[in-house]
Amino acid sequence: MPAIRRIYGYTPSATPAIFCDRLYPRGIRKETFAAVQWLKDIAPSAELRRWYHAAPQERFPEFAARYTEELQSGSAHATLLTLKKQLAAAPDTVLLTAVRCPQQSHLSVLAEVLGWENVDWGEGD
């Protein structure tokens, strides 16, 4: 089952991990982060992220649609293809984020785009 976790509870292990946010996670030591691949371009654009954060509860459906559209072109699309190849080669890869609520973030949209029906959100991390 695909897994998505907050980076704040992450401990480096043999399981591959990919950080999927645009900004460096506040408070994470470089030693911890060194074990993680960082795909900045898979994250929403800075403009879309700022727009969404102004009213996340009300804007999530439109955010999801706009982010899905972003993933269909440019560097986001190229990075999505790279991510799909990496996940095919290592299906136990964990996607990491710094957002407070991954289930209502770009990660839930990304999981849907990837075709993940059941996601291990790691509740309790």
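Tyr24 has a relative accessibility of 37% and therefore counts as partly exposed, the class between buried (under 20% relative accessible area) and exposed (over 50%), with a 1.4 Å probe and protein chains only. Phe33, at 9% relative accessibility, counts as buried. The model is predicted, so local features need pLDDT of at least 70 and side-chain atom pairs count only at pLDDT 80 or more, while totals for chains, interfaces and linings use all residues. Residues are numbered from 1 along each chain as its sequence is written, and side-chain values use heavy atoms, without hydrogens and water.

Nine aromatic pairs are present in the structure. Rings of Phe, Tyr and Trp (its six-membered ring) pair if their centres lie within 6.5 Å; planes under 30 degrees apart count as stacked, over 60 as edge-to-face and the rest as tilted. Tyr24 and Phe33 make a tilted pair, with 4.8 Å from centre to centre and 55 degrees between the planes. The pair of Phe63 and Tyr67 is stacked, because the planes lie at 10 degrees, with ring centres 6.0 Å apart. Phe63 and Tyr67 are both buried. Both belong to helix α3 (residues 56-70), where they are four residues apart, about one turn of the helix; helices are DSSP runs (H or I, at least four residues), numbered from the N terminus.

Phe19, Tyr24, Phe33 and Trp38 are joined into a cluster by ring pairs. The ring of Trp38 also has the charged end of Lys40 over it, 4.5 Å from the ring centre. A charge sits over a ring if NZ of Lys or CZ of Arg is within 6 Å of the ring centre and within 35 degrees of the ring normal. Arg66 lies over the face of Trp51, 4.3 Å from the ring centre.

How values were computed
Helices (H or I, at least four residues) and strands (E, at least two) are DSSP runs, numbered from the N terminus.
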